Amino acid sequence: MTITRRTALKSLSLGSSTLLLAPLLSRIEAEAAGSEARPTRFVFVVEGNGLPPEQVHPEGIEYKAREKRDKFEEFSLTSFNRVPGTRDSGSGPRADGSETRGGNAVPAQANGQAVKREIKLPFSLEPVAEFQNKLTVIQGLSGKICGGGHSNNFGALGAYAGRGGVGNSGSAPGETIDAALAKQLGGIFPVVGLGISDRPEHTVIYNCSAWGRGQKLPTQCRPDLAYATLFGSVADGEGKKDFDADQDLLDFMVGDIKRVQGALGSADREKLDSYLGAYENLRQRQQRLVEVRDRLANVAPVPNDKFKSEVETDRLDAHFDLAAAALIGGLTNVVTLASGVGDPFFSVRFHGLGISLDKHSIGHGGSFQNRDWADLSTTIRNFHFKLIARLMKQLQAVPEGNGTMLDNTLIVYLSDAAEGHHSRCWEWPFVLLGDLGGRLKSGRCLSYPNYATAGHRTINGLYTTLLHTAGNPATTFGQADPMLKDFDQTGPLPELLA
């Protein structure tokens, strides 16, 4: 009997290393199995200071204020034909130019004449125009349970009331969606958290991600230090020395704790178990980094001036490079990129774009050099989507199975402050890029009914949907909205699943 490469990979057992090496093993299996393998990756791009829904609404599709949305509507994001004035509720324009109303296809023609309607992305989204068929704009989901304000902190990704303090002291009542997905997908680094804050001297902040109740995950704000953590095993000079020193220290700490345990009674030994487990996990991670050193050497970015720059745009640019390399190198399946996210980190400035006014002031309607707040905020948002577009191209350039890494990656863009700078979370816009190998429908704009209107859904449903695509059949995520007790708040969003 011939044992194929795929069979060998399926039977491979690395004990506790299996979870740590999951991203790399899924890559190898995908290469061996072709289109049969379905690796899954997620990138969350969270921008602070709110996202007015009209800033990501496609041109050519009527924008309705929240109060006027009385039914679910779906629109294609590619050019399509449409009968003027005949739109009804239902699935909306289809790829062949027809519409779905009441479950029946309706040809797109008026008095025998087809009417052409061009869909164009707004300025904020223009950088990803070439990926329009992979784009999904979601309007109308609410997140009232999160509380609102300048930032919902951990609640933005947790779908719960996650404020209770500011910044590093803010509460994390439970896991966030990036952590929940990481638990499902594994990785040497289950979640890679990168981002910028309002101060260049910040090294690590705790602002939006949590492994569980009270277990806040770090956001690394200095690209040079993040590089050392992720790619220290292939670094040169001092970076390599630091990596080796860390490994030696962890070996010593594990051995020292075990020696101390041996001299203690059983009750006291148990008290040291958590410390031992933490250090052993760190040591194991260092060992895994050594094992994949050759692969990392081929994908690690070259540290340059932007990795130590005090200019916010440079640092965010470097973080996106690190995110791409971490995904391609198989270090992780989940990355969270946080740009000025969390209270009090949202007063970040974008000097690299020629904007010296902080985003807090912009959110309050401030102007700068004869440019109003909307012009300033969309310019900053456009920059974020330029970085997202570059990340997509980097993933698209890496073969995987019968496609590319991009085919198996979903990028989720949102703001931690929902629909506005002083949000109330009546609605929470999202932009998705990717279809996870056909598991999600894409190339559409979805508009959900207003809060407390029949058919309304919350962000909890979106996060439950993401769990389903990763193989977790959860029925709920986060906390239910008590004001919507008569609404079904369980299960995924069927409009998204293919």
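Here is a walk through the structure, from the whole chain down to a few single residues.

What you're looking at is a predicted model, in which local features need pLDDT of at least 70 and side-chain atom pairs count only at pLDDT 80 or more, while totals for chains, interfaces and linings use all residues. Residues are numbered from 1 along each chain as its sequence is written, and side-chain values use heavy atoms, with hydrogens and water left out.

Let's start with the big picture. Of its 498 residues, 55% count as buried. Buried here means under 20% relative accessible area, exposed means over 50%, and partly exposed is in between, using a 1.4 Å probe and protein chains only.

Now find strand β14, residues 334–339, where 6 of 6 residues are buried. In a regular strand, side chains alternate between the two faces of the sheet. In β14 both faces are covered, with Val334, Thr336 and Ala338 on one side and Val335, Leu337 and Ser339 on the other. Which strands pair with β14? Strand β1 (residues 41–47) does, in the parallel sense over 6 bridges, and so does strand β9 (residues 192–196), also parallel, over 5 bridges. Pairing takes at least two DSSP bridges between two strands. To spot these pairings, look for phenylalanine 42 partnered with valine 334, and glycine 193 partnered with threonine 336.

Another pairing runs the antiparallel way: strand β2 (residues 73–76) and strand β19 (residues 444–447) share 4 bridges, and serine 76 stands opposite arginine 444. In β2, Glu73 and Phe75 point one way, Glu74 and Ser76 the other, and all are buried.

Glu73 and Phe75 turn up again around the largest cavity, whose lining also includes His57, Tyr63, Arg69 and Ser447. That cavity holds about 80 Å³ of space, and the whole structure has 2 cavities of 30 Å³ or more. A cavity is a set of points, on a 1 Å grid over the protein atoms alone, where a 1.4 Å probe fits but cannot get out; lining residues have an atom within 4 Å of a point. Grid points are joined across faces, edges and corners, and the volume is the space filled by probe spheres set on them.

On to the helices. In α6 (residues 223–231), the buried residues are Pro223, Asp224, Ala226, Tyr227, Leu230 and Phe231. Seen down the axis, they fall within an arc of 160° (taken from the directions from the helix axis to the C-beta atoms), so they line one face of the helix.

Helix α13 (residues 459–469) holds threonine 465, which is buried because its relative accessible area is 0%. Leaving aside neighbours within four places in sequence, threonine 465 is in contact with Leu440, Pro492, Leu493, Leu496 and Leu497.

Aspartate 375, in helix α12 (residues 373–396), counts as partly exposed because its relative accessibility is 31%. The C-alpha atoms of aspartate 375 and phenylalanine 123 are 9.8 Å apart, although 252 residues separate the two along the chain.

Lastly, the cysteines: cysteine 208 is buried at 1% relative accessibility, and cysteine 221 is buried at 2%. A search of the whole structure finds 0 disulfides, a disulfide being a pair of cysteine sulfur atoms within 2.5 Å.

Technical notes: Helix = DSSP H or I, 4+ residues; strand = E, 2+ residues; numbered from the N terminus. Contact = heavy atoms within 4.5 Å. 1 Å grid on protein atoms, 1.4 Å probe; cavity = no way out; pocket = protein on both sides within 12 Å on 5 of 7 lines; lining within 4 Å.
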